[in-house]
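Subject: Structure for your review

Dear colleague,

Please find below the structure that I am handing over to you. I would be grateful if you would look through it alongside the notes that follow.

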Amino acid sequence: MQINDVVSIETLDNIALICLNNPPVNVASQALRVGIQKAVSQANVDAEIAVIAIYAAGRTFVAGADIKEFGKPPLDPMLPDLINEIEESAKPVITVLHGTALGGGLEIALGAHLRVGLNGLKLGLPEIHLGLLPGAGGTQRTPRLIGIPAAIEIILSGRHLEANEALGLGLLDRLSDESPREAAITAAKDVLSGTINPRRTDEIEVKPDHAHLDEMEAKLVQTHSHLVSPHKCVEAVRASTLPVNEGLKVERQAFFESMNTPQRAGLIHAFFGERAVSKVSEFKSTPREVAQVGVIGGGTMGSGIATACLLAGLRVILVETTEEALGRGIATIHKNLEGALKRGKLAQDRFDATKAALKGELQLTALDNVDLAIEAVFENMDVKKDIFGQLDKICEPGVILASNTSYLDLDEIAATTSRPEDVIGLHFFSPAHVMRLLEIVVGAKTDESVIATGFALAKRLRKIGVKSGVCDGFIGNRILAHYRKTAAYLVLDGASPQEVDRALEEFGFAMGPHKVGDLAGLDIDWMTRQRKAATRPEEERYSGHVADRICENGWFGRKSGKGYYLYESANMLPNPEVETIVAEEREKAGITPKPIAAADIVDRYMTAMISEAVRTLEDKIAARPLDIDMVLLFGYGFPRHLGGPMHYADTIGAKELINRIKTYAKEDSYYWRVPGLLRQMADDGTTFADMNR
Ligand code: T1G
């Protein structure tokens, strides 16, 4: 019988079978919590019932608390209280887990008296990725079942465990290959016959291990000083040696302290943004079938793109111009696949089949039967136009012709074909088989079904597809080109490259801009500055003085052994010759260097990034602020706990941003201009979050 819309109860002899059915992932919404509470209490008062089993319909057991409830007034029954009621049930409660039993879902199982895992089950406590900690008993019950060291590792990593590992650790009591309902019945009968004994988790003593927790905390101080919840995880797990009710109180306090942080808001914005970003109107169109992909160009990008397509189960034809170049491209792809095999991402049989799905060709005519052709050759408009002109003749109408260009005008490329509606930009980020961002660049004439195919391909490649309009640099590189100048101005005006890098790394970036430049290759930006020299507005303060001289010395960064830093030894030391160049360039420009505080470095850098991001919204290059956030998170190493530049901008507010720009504009009124949209937001009080709705 239905307890409510999402919970039903069935009695079979003296077994109560409680079925959860809250698609798509059985989140522990208030309705689910109410339903479970009623069903368990009903089973406990039913004299006929001797054992209770909870299982779920659909693709997974409870995948966690309902994140949509966070930040809103609490709704009873709260999950920790419900789980305590399950644990205190007079009759044994069994839980049968399948799919992805995560967070509050696993915690429900930990409060039960027996846990059965089904084939393919993954379980874990990923709350740390949301800026939280397991707040429904997970920090108290996990150590009781598997000990403090294993528990803190699972909680701090937030990783998913396979069922076998969980069984070995003691998180599961048995595995089954039955259906959830059948496994529930079998386990219930085994409890009744005494074949298996249920037990209360809270009655298990925890062996203290403060030394291990001290060691974890010391590491966190080094690696996660700017985050709150990891430290709270250690604090809560440490309390698991207390009587369970005291420990639960410590956990509850730690949970609410984590809940009330901007980091939790930022990480949850990132969680939902990652899913919302593909929800664009064109996504509703029917994507075209893609089974075989042609990749033109076997260099770094082409081989990475081919690898990504192969790993997604697509057949790939790689086209190069010479045997040698083709051989290099194929060798790179094989090396990438071997890496996936070694890391356990690819089973041996899949590895062999994936390699077999790759063909190498020397003629574009070999692409006469592909569903999608992706051009990834040198960033030269004439070369690209020539290739698209040939593809237009070789590929059947309806075959999608895509360019991986990172900034060239897609409409100009499309105009060289007879079917611009089939042309789209698929801007991958290097390494293309690793980086999750894919900018889906939509031309003026790109057909909706082609856009839908771009998003379907992104999902298949497990990438985050973001729709972009056509401009120099699309969304990410356009914004980067702007804020990177701030870093150069800061160095000319008095900060060292290392001070700029350190300030931004303390802010949360994995690497500062000079380290990133050294890693990517300083020659890339050098070529961009040269490309743009002819059209650079004369009012613009030139930002390349130092970087040009570094490149003129052949110092392109890591690949040439020196750039802003020296790479001869393991640790990255500042390149002293850069200091000399900086001093000389300041003197030439008549600049008296002044000390610049880290906070000022961050404020300027972030204000520049936000300003250009606002302009990409005004120019409709980015459709929504969340699109920009996802681009910066998944392509540019923006600190995930800050949610992205637009989410972060809302924590500053339009008025304050305008004040900062006006202050900076006194030094450089060309570079620092207040975008009209920001002014309008300041006037009407709208936020970027409002624009995402
Ligand atoms: N709350 C609300 N909505 C959720 C959700 C959740 N926990 N998990 C998924 N969704 C939505 C998601 O937004 C999407 O919505 C749809 O479900 C399908 O998800 C007290 C505090 C389970 C591995 O962190 O990792 O428990 O876009 O597209 O790729 O200690 O969802 O369809 O409208 O991701 O198959 C802990 C988060 C929560 C798990 C499935 N749990 N979810 O992946 O589908 S905090 C998590 C996932 C907690 C307790 C604490 C994945 C998935 P829409 P999807 P998928």
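This is a predicted model: local features need pLDDT of at least 70, side-chain atom pairs count only at pLDDT 80 or more; totals for chains, interfaces and linings use all residues.

The ligand

By these classes, the shell around the ligand consists of 16 nonpolar, five polar and seven charged residues. Of the 28 residues around the ligand, those that come nearest are Arg59, Glu107, Glu127, Arg275 and Lys279. Strand 5 (100-102), helix 3 (104-111) and helix 11 (262-276) each contribute at least two residues to this shell. Helix 11 gives the most, with three residues.

A polar side-chain atom of arginine 59 is 2.5 Å from an oxygen atom of the ligand. A polar backbone atom of alanine 65 lies 2.8 Å from an oxygen atom of the ligand, and a backbone N or O atom of isoleucine 67 is 2.9 Å from a nitrogen atom of the ligand. On its own, the ligand has 990 Å² of accessible area, and the protein covers 77% of it.

A pair of helices

Two packed helices are described by the angle between their axes and the distance between the axes. Here, the axes of helix 19 (residues 497-507) and helix 24 (residues 598-618) come within 9 Å and cross at roughly 80°. Because angles of 65 to 115 degrees count as roughly perpendicular, helix 19 is roughly perpendicular to helix 24. Helix 19 makes the contact through Glu499, Val500, Ala503, Leu504 and Phe507, while helix 24 uses Ala598, Ile601, Val602, Tyr605 and Met606. Nine of the residues in this contact are nonpolar, none is polar and one is charged.

Backbone features

Most residues other than glycine have a negative phi, and most peptide bonds are trans. The loop between strand 2 (15-20) and helix 1 (30-45) holds proline 24, and the peptide bond from proline 23 to proline 24 is cis, with omega near 10°. Asparagine 26 also lies in the loop between strand 2 and helix 1, and its phi is positive, near 55°. A cis peptide bond likewise runs from aspartate 76 to proline 77, with omega near -5°; proline 77 sits in the loop between strand 3 (51-56) and helix 2 (79-87).

Yours sincerely

Key. Residues are numbered from 1 along each chain as its sequence is written. Side-chain values use heavy atoms; hydrogens and water are left out. Axes are lines fitted to C-alpha atoms, for helices over the stretch in contact, and angles run from 0 to 180 degrees between N-to-C directions. Helices (H or I, at least four residues) and strands (E, at least two) are DSSP runs, numbered from the N terminus. Angles under 35 degrees count as roughly parallel, over 145 as roughly antiparallel, 65 to 115 as roughly perpendicular and the rest as oblique. Contact means heavy atoms within 4.5 Å. Ala, Val, Leu, Ile, Met, Phe, Trp, Tyr, Cys and Pro count as nonpolar, Asp, Glu, Lys and Arg as charged, and the others, Gly among them, as polar. A residue is near a molecule or strand if one of its heavy atoms lies within 4 Å of it. A polar contact is a pair of N or O atoms within 3.5 Å; within protein, one must be able to donate a hydrogen and the other to accept it, and residues adjacent in sequence count only if both atoms are side-chain atoms. Accessible areas come from the Shrake-Rupley method with a 1.4 Å probe; for residues, only the protein chains shown count as cover.
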